[in-house]
Amino acid sequence: MRERLLAGDRAVVQALHGMGGVGKTQLATEYAHRFAWAYDLAWWISSEQGKLIGDQVAALGLELGCVQAGTETEAMRAAVLAELRQRGQWLLVFDNAEDPNDVAPWLPGSGGHVLITTRERGWAEIAVPVEVGVLARDESVAILEGRVTGLNAADAERLAAELADLPLAIAQAAGFMADSGMAADEFLGLLRTRAGQLLASGTPGSYPRSLAAATGLTADRLARQDPAAAELASLCAFFAPEPVPEDLFTGAVSVLPGELGRRAADPLAWRQTLAQVARQSLVRIDPRGLQMHRLIQLILRDRLTHAQAAAARACTEAILAASHPGDAPNPATWPRWARLMPHVLAADLAATDNPALRELTRHACWYLLERGDARTAHDLIIGLRQQWRDRLGEDHAQVLTAAHYLAWALLELGRYAESRDLNQATLERRRRVLGEDHPDTMNSSHNLAIGLRKLGEVQAARDLDQDTLERQRRVAGHDHPSTLRSATILAHDLRELGEVQAARDLDQDTLERRHRVLGQDHPDTLNSASNLAIDLRELGDAQAARDLDQDTLERRHRVLGQDHPDTLNSASNLAIDLRELGDAQAARDLDQDTLERRHRVLGQDHPDTLNSASNLAIDLRELGDAQAARDLDHLAQKTGNGASRQIDFRQSPVFVGRDAFVALIERRLAGAAAGSGQLLFVAGEAGIGKTRLLSVIARQAQASGFAVARAAAFPGDGQSFAGLLLDLASDLVPAREPALRSLGRSLTSRVRPILRGRR
């Protein structure tokens, strides 16, 4: 292995593959130990569940100091891999990986070495495959003789043959015999008897019988010596193979089986129980908790009767339900959520009959969304919604909850139309099933309103949000977090409709209430501060907006991390302030950084990423780099499938708000000012006022000194389109910046009545 790794090129990533129990993990461990002197850093990553690799890489990032707690997964990945590439010698071990697609995104690519242990083949595209076989017979005999006191060579030979030289089976047998004092003949007799029974009871054929037999013997011995400890081992078999925090057990003594519950309530008895399980090599215990290898988990589960398995599964579900980490929007709870998530995912969430576990799943999705990991939340809930709907019915409260969180995830992913449609259906069902004033119904109302606003239906959003806020105040009170969230959403609608002073007053009141109720660093409080800064800028106080945005950005850096979507929103808003105050270079630098982060975190097609590209293009034009701005516009147009050139009244996120609209108009006119000429399309269903909008733009452009080369409307395929080509007279080029600002502000005030009337 060492020689191959030093050979460089593809050999720096090696996949150790083979059947379960051949010692792949032990081989990787031995390599890391033997050649520790050659590395500045070595990091072990349990990779059984591909979705959980990120949390372990995040821990590495914290150790290296290149990420902060709570950093969104994609951003954290990029930061850690970049840090590793810059460093010298390091070793990463991905243990028990199953799918190359799970590991490939986490490979740094250069600077160090990677070992992957896996039972699967098919790794040739990303690693050099290294097949691991069983031990040589003399190696097996040496291990047995070295670990079992008094074992002679002949008995060791017989044991090695019966165990088929499988490294894990050899190691477990040696440990069992050494701990129990069992003679070779007794061990071999029990092994032969028990092995056949276990294989006949359904142990998967890919697992060696010797390993299954040794595990069964160990479990039986533990059950005879300490039934409560054996119960603990059985429960561990139903958790994830990642470490199970001890406080999951000690914090849920009321749901544990009798004697085990009593021991979990007694610190000394609990420690003695843990020692019993550890001595039998069924569980490894370290500061992170109790960890059982997945092979042992499978064998122990297969040994249980149907009734025993059902009882153990129900108990682990009750333990999880009793281990709620707390308020999902509060970053202080996120480390505990991260430790619990592997075991939530390992539970049979689709088939569970435990309503409390389904409720925990809801909060788990909430945690993922608040943390900024909408993709994982989407992937988790989309399948559960379908399966719960099939089992429980379309109108079941928890099925509707699953639909609510799926719609929320779609919204965060920029899939606004899908989110709106699902929210609309969920709201209608909740109104019918739960009533207008139920908290869940009102949650669906304000989420639907956000989707409507994102799609340009601002007046409809405002009407719905006004009704929701009044209901929240009446039902929950003025200071309830849900009421304050409704107030925040309504203020956004008011600002979009031009009622900026009303929005400012409502945002100011909401900020003060959140500061008092939640604290100044709570994410919701920071959201109110960010919104108030937008109001201040819209009302002409750019300096006050800049000061508030700067403070909010710094707090979000500290609380949420640099790459959280909310933090990136603050960075984008601060860049607008800087540009308004005349510091175009600082705005450009911040917009460039924000664009790169959004591209990494959200993806190149996300509306927020496209918005950052638009903002950066404006900066570049103000700095005189029209060609770079045009290139960026062209890229945004290509990436966004033309969205940056076309306004769709119902679909396009470009028409979300005043800033976005002004930015679009300024960008088009700036392109014309630079001599390129731009064609602006306004698209939508017939009869919604596109031609009126076009005429307003044309009149204002002419009043600002622009020459309208063509203004025409023409129908096609059930829709009508209007196009406007603007050219700027050459003598206006030097003064284009103030002309553009004046034009943008004037257009905004003239266009609002058209937008209100188009419904």
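Angles under 35 degrees count as roughly parallel, over 145 as roughly antiparallel, 65 to 115 as roughly perpendicular and the rest as oblique. Keep that scale in mind as we walk through this predicted model, where local features need pLDDT of at least 70, side-chain atom pairs count only at pLDDT 80 or more, and totals for chains, interfaces and linings use all residues. Residues are numbered from 1 along each chain as its sequence is written, and side-chain values use heavy atoms, with hydrogens and water left out.

Let's start with the whole chain. The protein chain has 34 helices and 11 strands, taken as DSSP runs numbered from the N terminus (helices H or I, at least four residues; strands E, at least two). Of its 759 residues, 55% are buried, meaning under 20% relative accessible area, with exposed over 50% and partly exposed in between (1.4 Å probe, protein chains only).

Now to a helix pair. Two packed helices are described by the angle between their axes and the distance between the axes. For helix α21 (residues 416-433) and helix α22 (residues 439-454), the axes come within 8 Å and cross at roughly 155°. These axes are lines fitted to C-alpha atoms, for helices over the stretch in contact, and angles run from 0 to 180 degrees between N-to-C directions. α21 and α22 are therefore roughly antiparallel to each other. By class, their contact (heavy atoms within 4.5 Å) has four nonpolar, seven polar and five charged residues. Here Ala, Val, Leu, Ile, Met, Phe, Trp, Tyr, Cys and Pro count as nonpolar, Asp, Glu, Lys and Arg as charged, and the others, Gly among them, as polar.

Next, look inside. A nonpolar core is a set of buried Ala, Val, Leu, Ile, Met, Phe, Trp, Tyr and Cys residues joined through side-chain atoms within 4.5 Å. The largest one holds 67 residues, of which L232, F249, M292 and I319 touch the most other members. Helix α20 (residues 397-412) gives the most to this core, with nine residues. Beyond four places in sequence, L232 touches F249, L260, W270, T273, L274, V277 and L290. Another core lies apart from it, with 33 residues that include A38, V132, V141 and A156.

Finally, visit F94 in strand β3 (residues 90-97). F94 counts as buried because its relative accessibility is 0%. Although F94 and I45 are 49 residues apart along the chain, 4.9 Å separates their C-alpha atoms. Leaving aside neighbours within four places in sequence, the contacts of F94 include I45, S47, W106 and T117.
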